[in-house]
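Welcome! Here is a short tour of the structure below, beginning with a ligand site and moving on to a chain interface and a sheet.

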Amino acid sequence: MPTREFHAPSLAVSIGKLDLQNPLMTASGTCGYANEYGDFTDLTRLGAFVTKAISKTPRKGNEAYRIVETRAGMLNAIGLANIGLDAFLKDKIPILKEMGVPVIVNVPGWTTDDYVDVSARLNDEPVVGGIELNVSCPNVKSGLSFGTDPVRLFELVSAVKKVTTRAELIVKLSPNVADVAVTAKAAVDAGATALSLVNTFTAMSIDINNARPMLANGTGGLSGPAIKPIALFMTHRVYTEVAKKHNIPIIGMGGIQRWQDGVEFLLAGATGLAVGTALFLDPNIPLQILEGLRNYLARKNKTDIRQIIGSLQAPAPHD
Amino acid sequence: MPGRTRQPAGGATSSEPRIRPTPTSPRGRYVATVKENIRLCTDHYRLVLSLPRFPRSTPGQFVEIDCRDPRFAPSADHDPGPRAFDWPPPESFKGDSPVALPRPCPSDPDFNAPLAYLRRPFSLADHRIWPDGYTELDIIHRVVGRGTLLLAQMLPGQTVSLIGPLGTGFTIPQGIELACLVGGGVGIPPMLYMAKGLQQSWIKGGVGFIGAQREDLLPVTIIGPPNAPEPSRAGDPLLNVAEFKEYGYPAVITTDDGSLGMRGYVTEALSAFLEERQVQQGRLMNTIVYCCGPTAMMKATARVAAVFGVPCQVSLEQPMACGMGTCQSCVIKFRPRDLGEGAEWKYKLTCTEGPVFDSRDLVW
Ligand SMILES: Cc1cc2nc3c(=O)[nH]c(=O)nc-3n(C[C@H](O)[C@H](O)[C@H](O)COP(=O)(O)OP(=O)(O)OC[C@H]3O[C@@H](n4cnc5c(N)ncnc54)[C@H](O)[C@@H]3O)c2cc1C
Ligand SMILES: Cc1cc2nc3c(=O)[nH]c(=O)nc-3n(C[C@H](O)[C@H](O)[C@H](O)COP(=O)(O)O)c2cc1C
Ligand code: FES
């Protein structure tokens with residue numbers, strides 16, 4: 001038997017023109033603006049860093065309580081609280097430069113102009129490699145409609161596309177739709193260069209002693225391991241129906257907590273893997289997943305992570 | 001070390017952004033070993049955790065403990081593997097088990113529900129550092145749900161994952177000579193650590209005010225007056241709290257039902273004390289109040305402090321998902337006192353900009 005020389009499998013992937021040392025990213029809103037986790041994990045080893053949603057002007061966000069734990073997950077209704085674009089550019093961009101990994105900025109909005117203005121300014125910032133349009137945040141009243149209506153989504157993405165001449169244009173899809181492939185198609189047709197999914201599922205939790213919702217906002221977005229099977233299905237659906245044909249990379253997320261979850265998302269068609277809620281348990285989880293992925297690939301005799309992306313052997317649908 | 005005047009968030013002041021953990025990081029992820037797990041009184045436990053090293057902390061700072069099943073605590077190979085549960089846990093906790101608790105059991109329809117998911121925040125009740133870096137942390141907690149129940153069942157030798165020290169602790173303004181340490185219920189633990197911190201500062205005068213609903217809910221060691229055969233415990237002004245006495249500070253004990261010490265709220269005892277001191281000395285300018293407890297009690301304490309014109313620092317509790325300043329879930333309304341009532345408030349994060357705030361800056 002010839003002995004094979006061991007080569008560490010390549011973990012590098014690309015999201016459009018962005019080259020990532022590995023597929024592991026942070027999910028928007030769960031990792032702050034820049035180096036908040038710097039004492040807990042080596043941020044320079046991430047594939048990419050995705051910031052909290054940055055709006056044109058600072059936002060206070062919702063009243064407390066903003067979170068509640070649920071079974072194997074949590075609800076949040078933060079209300080897009082953030083420091084605003086000016087403070088972000090001034091205070092956080094220098095730190096992000098220091099980190100040296102590709103940066104993706106999450107951009108929310110309430111009107112098309114909000115998205116266009118913020119995206120245009122971020123497009124001029126060389127360290128910002130990608131703009132992730134948050135068309136799906138279910139917490140702010142009108143936020144839902146861009147992400148759930150394919151016509152409005154197409155118009156919005158087309159408008160933002162005109163100003164994102166340099167950065168990758170990533171559209172973060174809402175799972176709160178009947179068929180996520182429809183909105184995915186609208187985003188890609190309008191010029192999205194990558195898709196990320198899923199955002200949180202609109203959900204509720206009730207304080208039975210006071211007969212009131214647990215969250216001041218009433219409803220919140222469900223995240224964590226509880227949503228993983230649905231997120232995985234949606235990733236696979238978007239991959240097979242839209243992304244594969246158009247050669248558009250997917251950033252998969254929703255309950256990723258162990259390397260096994262990461263492998264599932266890769267097999268289902270994700271190129272990037274974003275870790276969200278699990279960062280609250282341990283900010284080092286992305287790097288632990290990375291180790292696990294490396295071992296998995298070696299065990300499976302794969303030399304390159306790209307060999308397994310979308311390689312799921314899906315059963316043929318029966319009629 | 002406790003007792004410094006200024007404590008920036010996380011401790012370090014370097015201008016370089018910290019983007020990876022280093023041996024000098026002021027906070028981090030640690031695996032601690034349970035050294036002791038002691039039942040103090042009904043529902044309350046002291047968990048003594050040992051670590052080969054841990055950054056310095058300030059009283060008022062807290063740690064976030066992973067309260068999922070400790071048998072699946074992170075191991076060196078970092079492959080968490082599948083998490084599984086069985087309930088009840090193997091014969092684990094020796095001594096009295098928590099009482100009066102809706103305890104999951106096989107007849108409970110929710111019996112195979114997962115345990116706590118997010119980490120749970122706990123104030124440091126003490127922090128002991130040996131010259132070689134070996135560290136012991138004390139956590140005193142009350143069993144109120146799944147996470148704290150799990151902690152109560154931990155055995156010496158088991159490990160827990162913790163993150164910390166988090167938040168900003170109490171500060172000691174220049175010129176202060178007397179500190180009142182007001183602790184209610186699960187707000188008592190940080191006051192015990194603060195007593196130690198004060199003792200290591202220039203402040204020599206301290207008084208503890210310890211309140212609970214009932215005698216059996218006081219997680220401290222009560223010692224009676226010397227030479228008294230069988231003291232009448234209720235209302236006895238000479239009762240003392242060993243944890244304060246160690247540092248030379250007397251303590252006033254109150255219980256809502258009068259089962260030990262003074263009957264009534266701890267704020268009434270504080271008010272009476274400040275009143276007396278004011279009459280004696282004619283002024284209270286060098287006094288400060290440190291407080292932790294239920295929100296209503298902290299508000300009442302802040303009001304008492306305001307009446308007597310003394311500063312008051314409170315340690316707040318808010319639901320926290322991360323404890324590290326990323327999720328924006330733990331907000332409180334903040335309005336710097338010098339801006340006046342009409343000024344607009346803004347949100348501050350309890351986990352990183354707190355949990356300790358000057359009560360005069362809070363909108364509550
Ligand atoms: C900075 C900080 C410091 C702290 N320090 C300490 C400390 O030193 N000691 C200490 O004991 N505690 C401390 N706490 C509080 C401690 O974190 C909580 O007690 C702990 O998180 C509870 O976790 P659990 O899993 O045991 O309870 P959980 O299971 O989370 O339940 C908590 C409570 O909520 C109630 N509840 C749950 N679901 C519902 C529902 N649907 N409707 C109504 N009520 C519900 C439960 O009955 C229970 O009373 C601190 C908190 C903070 C923020
Ligand atoms: C506290 C919190 C805040 C979030 N904030 C944002 C946000 O600002 N923008 C956004 O696009 N998604 C936000 N999300 C959604 C996450 O980025 C992610 O899509 C979702 O949580 C699913 O992944 P997870 O299960 O790994 O957390 C937030 C999620 C949480 C839990
Ligand atoms: S608990 Fe997450 S920001 Fe404070």
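The site of ligand 2 is shared between chains, because residues from both chain A and chain B surround it. A residue counts as near a molecule if its C-beta atom, placed from the backbone, lies within 6 Å of it. Of the 28 residues around ligand 2, those that come nearest are G29(A), A53(A), S223(A), G276(A) and T277(A).

A word on the model: it is predicted, so local features need pLDDT of at least 70 and side-chain atom pairs pLDDT 80 or more, while totals for chains, interfaces and linings use all residues. Residues are numbered from 1 along each chain as its sequence is written, with chains lettered from A and ligands numbered from 1 in the order in which they are written.

Next comes the interface: 34 residues of chain B are in contact with 39 residues of chain A (C-beta atoms, placed from the backbone, within 7 Å). On the chain B side, β1 (28–41) and β17 (346–349) are the elements that give two or more residues; strands are DSSP runs of E, at least two residues long, numbered from the N terminus.

Here are the residue classes, with Gly counted as polar:

| Group | Nonpolar | Polar | Charged |
|---|---|---|---|
| Shell around ligand 2 | twelve residues | 14 residues | two residues |

Finally, chain A has an open, antiparallel sheet of four strands, ordered β5-β6-β14-β11. Strands pair if DSSP finds at least two bridges between them. At the edges, β5 (67–70) and β11 (201–203) of chain A each pair on one side only. Four bridges join β5(A) to β6(A), residues 73–76, and T70(A) has G73(A) as its bridge partner.

Terms used: Contact = placed C-beta atoms within 7 Å.
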